[in-house]
Protein chains: 2
Amino acid sequence: METPGSQSSLHRANLERVVRAVRLAGSLTQAEIARTTGLSAATVSNIVRELKDGGTVEVTPTSAGGRRARSVSLSGDAGIVIGVDFGHTHLRVAVGNLAHQVLAEESEPLDVDASSTQGFDRAEQLVSRLIEATGVDRTKVAGVGLGVPGPIDLESGTLGSSAILPGWIGTRPAEEMKGRLGVTVHVDNDANLGALGEMVWGSGRGVRDLAYIKVASGVGAGLVIDGKIYRGPGGTAGEIGHITLDESGPVCRCGNRGCLETFAAARYVLPLLQSSHGTDLTMEGVVRLARDGDPGCRRVIADVGRHIGSGVANLCNLLNPSRVVLGGDLAEAGELVLGPIRESVGRYAIPSAARQLSVLPGALGGRAEVLGALALALSEMGDSTLLDGTLTAATPAFT
Amino acid sequence: METPGSQSSLHRANLERVVRAVRLAGSLTQAEIARTTGLSAATVSNIVRELKDGGTVEVTPTSAGGRRARSVSLSGDAGIVIGVDFGHTHLRVAVGNLAHQVLAEESEPLDVDASSTQGFDRAEQLVSRLIEATGVDRTKVAGVGLGVPGPIDLESGTLGSSAILPGWIGTRPAEEMKGRLGVTVHVDNDANLGALGEMVWGSGRGVRDLAYIKVASGVGAGLVIDGKIYRGPGGTAGEIGHITLDESGPVCRCGNRGCLETFAAARYVLPLLQSSHGTDLTMEGVVRLARDGDPGCRRVIADVGRHIGSGVANLCNLLNPSRVVLGGDLAEAGELVLGPIRESVGRYAIPSAARQLSVLPGALGGRAEVLGALALALSEMGDSTLLDGTLTAATPAFT
DNA sequence: CCGTCTATGTCCAACTAGTGAACTCTAAGC
DNA sequence: GCTTAGAGTTCACTAGTTGGACATAGACGG
């Protein structure tokens, strides 16, 4: 710890290695740990004993088929992580364990006009309720991931201009939640978390680079590069919604003209249908009607798809991700929107980049963001956090 | 080495730690090494002895002011790296040492019609000549970086369709050079290397994320994200030249219409001036004339700048780099082109992303790519390469 | 000119932690 | 029931770092 290049640090690294191997695989026998980590069986034996004594790990005496394998897994109460997602209309919370399993998940409506304080309070209550439901001790919370629907200044942690939750501008969500829950909280915006969620649990499994396009009230993208969220130095990467498609197009809320958003986001698209389909139409409704065959809605959705495709083509030329996942309400439209997107990409992206790109609908729907928050908590939590917690908890027992 | 979590690996890590510390600082006393690496004085003493015996490091018996400090530095012949850049018309080679110093650099014209074999032979000769000029032993070459003006398939290492060097398509530059020089060769395209070069020695110093836009016969971008070249899963990231600016614009060589390249690249821009300024105009010539006040050339350059600015705005929205460096012949135009670029960026990028973006001309001119190749060799060469080389060279002396 | 002081580098004994080999144990297969 | 093979443990051994003692040599003050 304080001796950064010495045996103790080596030992620590080996502990983490084992914990990580177990966490990723869910459960392993000691021999398997030895093979995957490259450590010798003897070392693994010692480390497992230490972790077991520390309470980090559980050893189920007899389990799988073989001769006498004892399977090692992270002990259920070794730690849990929490994901919180403030959406436009909903508050969602998920509790998971370190083995990437979701233990509990719940959502409740959130009033748009609610003050930020009310929102944080509600979140705290819901988190507490879910923790209790899982029956795990509160002190075992290893980290919290928090999703907010707007730009976050990474350095100060303040929520920037967000037209979606007006009363929340200037608040510091991470600090607020940390104050309430007493644990480190990692924040990010909904698009980035959606990307992470789909990456870990959804349509992005097995891929290292992915762009998650979320079309809802606005259009945003979350970029995952080499397994990590890419935010850019200023934290505003992924603003695909404000790519210019037509220099003399409609004026966008950002002040420019012809942004992708003006062709694809709900706030600009829905008015097109209001004269023919009524004024209380939602994106969800449009999608439903389109699936039922309504030609106007189909046309609008296809047009949206084509425009998104243009934006994705640019993204593809610049970043060349291996997968693009479409999220938000629009994803429910399936091939009605994906087809035009693919067509546009094929037309506007350079062939070599377009060829190996797959465009898929999100597999998690509205859960992508909470689960992403969970994933954020898991990934930001070094495996050492876990060790620290349990070791400090365990030392008193020895002295 | 084969035991990835054991003492020997720890020792190795500590060796690398010391080598890196010395490499970065240029020269340190043992006590300083101990402080910066966090290792104990005793360990440093042992490691330095080992490195000295291995020939990796030189100890100058008495040097600096103090009591009796012995300053440790990488031995001059501990290793050198080589950068090779195949340009459109030139072949450039640079030789540097591990302290990021350029020891020798030379360029010679390369005939466009030359076969790839001729090109590689010429490169080999030039490399040999420069190595001799520095007086360092050939066996001390720790790595070679190679720049080629076209897309490289990272997996197979073959050069893709490149309209610039027609006879070279399908060759494997890395293998060719490795065969000739007998050292590992790392290849990348010129835009990526230009980015790396400007990052390490030029206008990108001190920044971790940078986009290098190279405007020449075509338009390409090299992206550096978090200090490393970002190539994308398929290796074709950074194709800013084929971003669509106008869906009904001129047909581009890539098959699409209205690509940035059709508004900015030499092959499309020069014809505009040929009726008024003659047919044998080059981009360099246009820039010279513009600087001398020729209004037509000024206008053309400003227009090019505006279009590049549109592309950069998209790049900026998506990736939010902290710096954009303009390279290629066009960069010589200075404010004549940078002004319009900045103006376009300000107009089309979202304000928060544009505000913190700086657009600078490259500081290295045509040398950016060779130096980038050098930087590539340096960065790809783990400090362990150095150890391996010298250790295998040193072991016979002990047995 | 000399003694003291201080920081440097080295040596040694102590200690930490990983490894190979030998050993025990259990269930499967014949 | 006997053999077998893989799992996990124990033990002696070894590699490698560390703290502290020690030697060294310039700087400083008298």
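**Figure 1. Chain A as a whole has a radius of gyration of 23 Å.** For 399 residues a compact globule would come out near 21 Å, so chain A agrees with that rule. Here the radius of gyration is taken over C-alpha atoms, and the globule rule is 2.2 Å times the number of residues to the power 0.38. This is a predicted model, where local features need pLDDT of at least 70 and side-chain atom pairs count only at pLDDT 80 or more, while totals for chains, interfaces and linings use all residues. Residues are numbered from 1 along each chain as its sequence is written, with chains lettered from A and ligands numbered from 1 in the order in which they are written. Along its principal axes, the C-alpha trace of chain A spans about 75 × 50 × 40 Å. You can pick out 14 helices and 13 strands in chain A; helices (H or I, at least four residues) and strands (E, at least two) are DSSP runs, numbered from the N terminus.

**Figure 2. Chain A splits into three pieces: domain 1 (7–75), domain 2 (80–195 + 369–383) and domain 3 (204–363).** These bounds come from an automatic or database domain assignment. Between the C-alpha centres of domain 1 and domain 2 of chain A there are 31 Å.

**Figure 3. Chain A meets chain B, with 43 residues of chain A in contact with 43 residues of chain B.** Contact means that the C-beta atoms of two residues, placed from the backbone, lie within 7 Å. On chain A's side, α1 (7–25), α10 (295–319), α11 (335–348) and α12 (351–355) each supply at least two residues. Helix α10(A) gives the most, with 7 residues. Sorted by class, this side of chain A has 19 nonpolar, 19 polar and 5 charged residues. For that sorting, Ala, Val, Leu, Ile, Met, Phe, Trp, Tyr, Cys and Pro are nonpolar, Asp, Glu, Lys and Arg are charged, and the others, Gly among them, are polar.

Figure 4. The same surface serves both copies, as 100% of the contact residues of chain A recur in chain B.

**Figure 5. Helix α6 of chain A runs through residues 190–201.** All of it counts as buried, 12 of 12 residues, so α6(A) is largely enclosed by the rest of the structure. Buried means 20 or more other C-beta atoms within 10 Å of a residue's own, exposed means 12 or fewer, and partly exposed is in between, with C-beta atoms placed from the backbone. Among the buried residues are Asp190(A), Leu193(A), Met199(A) and Trp201(A). In chain A overall, 49% of the 399 residues count as buried.

**Figure 6. Met283(A) sits in helix α9 (residues 283–291) of chain A.** Met283(A) is buried, with 22 other C-beta atoms within 10 Å. Leaving aside neighbours within four places in sequence, Met283(A) is in contact with Ala216(A), Ala266(A), Leu270(A), Asp329(A) and Leu330(A).

**Figure 7. Asn320(A) lies in the loop between α10 and β12 (323–327) of chain A.** Its phi is near 50 degrees, a positive value in a residue other than glycine. Most residues other than glycine have a negative phi. Asn320(A) is buried, with 26 other C-beta atoms within 10 Å. Over in chain B, Asn320(B) also has a positive phi, of about 50 degrees.

Terms used. Expected span 1.5 Å × (residues − 1).
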